[in-house]
Amino acid sequence: MKNNSIKTVVAVGIGAALFFVLGRFVAIPSGIPNTNFTLQYAILGLLAIMYGPVAGGLMGFIGHTLIDLSWGGSPWWSWVIASAFVGVVVGLFAKKVSLNDGEFGKKEIITFAIANIAANVIAWIVIAPVLDILIYAEPANKVFAQGAMAAVVNSVASVVVGGLLCAAYAKTIAKKGSLDKE
């Protein structure tokens with residue numbers, strides 16, 4: 001168990017760092033202010049499925065906080081919380097997607113896609129805009145437009161790129177009983 005918790009702590013550090021780098025430096029503007037197409041949610045989806053909800057939540061929280069701090073301001077807590085939520089929700093599906101057992105077939109792909117789409121839709125169409133209004137008194141039309149765009153681009157990145165990463169990772173795992181004794 002100790003070895004597993006060390007792996008998880010390392011994964012959180014690496015995951016948060018990758019989330020930060022991809023979110024801060026590999027961003028394509030979406031046309032909606034402060035909303036970009038990035039690959040950070042693909043990495044978050046992969047690592048949350050591998051390490052579970054606590055690790056996923058911490059990766060999203062720490063990674064998004066670092067992105068916001070790197071711009072010279074304070075964290076935009078509504079979006080930090082939404083990113084953490086995505087990591088937690090996707091991580092809750094870790095036991096249903098046997099990625100660490102080398103399984104990523106049709107059932108796992110569908111489960112992974114549903115988990116990511118549901119997490120991103122709730123995070124960006126409900127949590128982030130509502131908190132933007134409550135915490136920052138932002139105009140509703142602006143934050144719901146940003147949220148809708150974020151839900152779409154983050155879902156696409158998570159499902160397509162994250163799914164490809166999951167499939168590639170699963171192929172590196174030897175399945176139980178697949179090794180023959182000579």
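**Exercise 1.** Find out which residues Thr-35 touches, not counting residues up to four places away in sequence.

*Solution.* Start with the contact rule: heavy atoms within 4.5 Å. By that rule, Thr-35 touches Pro-29, Ser-30, Trp-79, Gln-146, Met-149 and Ala-150. Finally, with a relative accessible area of 2%, Thr-35 is buried (buried means under 20%, exposed over 50%, partly exposed in between, using a 1.4 Å probe and protein chains only).

A quick note on the model: it is predicted, so local features need pLDDT of at least 70 and side-chain atom pairs count only at pLDDT 80 or more, while totals for chains, interfaces and linings use all residues. Residues are numbered from 1 along each chain as its sequence is written, and side-chain values use heavy atoms, leaving out hydrogens and water.

**Exercise 2.** Work out how the rings of Phe-19 and Tyr-41 are arranged.

*Solution.* Rings of Phe, Tyr and Trp (its six-membered ring) pair if their centres lie within 6.5 Å; planes under 30 degrees apart are stacked, over 60 edge-to-face, the rest tilted. Then look at burial: Phe-19 is buried at 0% relative accessibility, and Tyr-41 is buried at 3%. Last, widen the view: ring pairs link Phe-19, Tyr-41, Trp-79 and Trp-124 into a cluster.
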